Amino acid sequence: MKLYFGFGANRDVAMIRAITGRSAPRLPASAQGFQLVVQALHNIPKKVRDMLSQKWESDFVSYGIVRKPGSSVSGSVFLLTNAQRDAVRQWEFVGKWSHNVHVKAKVRVLG
């Protein structure tokens with residue numbers, strides 16, 4: 001099992017289910033010391049941009065995070081199986097366009 005901090009579209013249970021084929025336990029959380037950034041299609045490396053362009057329109061945007069002290073990014077912490085985490089890595093083009101960033105997420109207690 002792996003902990004995964006999802007932000008942007010990947011903070012949603014339905015999105016994780018669409019990517020991995022099954023639901024996963026989640027808690028609302030935030031990543032301290034990071035800022036959300038938006039990447040337009042024309043800023044994505046050509047090889048990945050060409051693949052994305054087959055399914056997405058030219059107004060496609062992707063979300064990422066960058067380190068920024070004093071900022072935080074809202075999202076969700078999911079408990080994923082190894083197979084689910086691999087599916088998310090493929091969806092995010094890890095190693096081809098994006099890379100994993102280790103964050104310390106602050107979980108919000110519900111209730």
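**View 1. Val38 in strand β2.** Val38 belongs to strand β2, where strands are DSSP runs of E of at least two residues, helices are runs of H or I of at least four, and both are numbered from the N terminus. With a relative accessibility of 55%, Val38 counts as exposed (exposed is over 50% relative accessible area, buried under 20%, partly exposed in between; 1.4 Å probe, protein chains only). The model is predicted: local features need pLDDT of at least 70, side-chain atom pairs count only at pLDDT 80 or more, and totals for chains, interfaces and linings use all residues. Residues are numbered from 1 along each chain as its sequence is written, and side-chain values use heavy atoms, without hydrogens and water.

**View 2. A nonpolar patch on the surface.** Val38 forms this patch with Leu36, Val61 and Tyr63, and together they have about 340 Å² of accessible area (Shrake-Rupley method, 1.4 Å probe; for residues, only the protein chains shown count as cover). Patch residues have over 30% relative accessible area and no salt bridge, and nonpolar side chains are joined within 5 Å; a salt bridge is a side-chain nitrogen of Lys or Arg within 4 Å of a carboxyl oxygen of Asp or Glu. At least two residues of the patch come from each of β2 (26-40) and β3 (61-80).

View 3. The protein has three helices and four strands. Their order from the N terminus is β-α-β-α-β-α-β.

**View 4. Surface and interior.** Of the 111 residues of the protein, 32% count as buried. The accessible surface comes to about 7300 Å², and 54% of this belongs to carbon and sulfur atoms.

Notes:
Patch = residues over 30% accessible without salt bridge, like charges linked within 9 Å, V, L, I, M, F, W, Y side chains within 5 Å.
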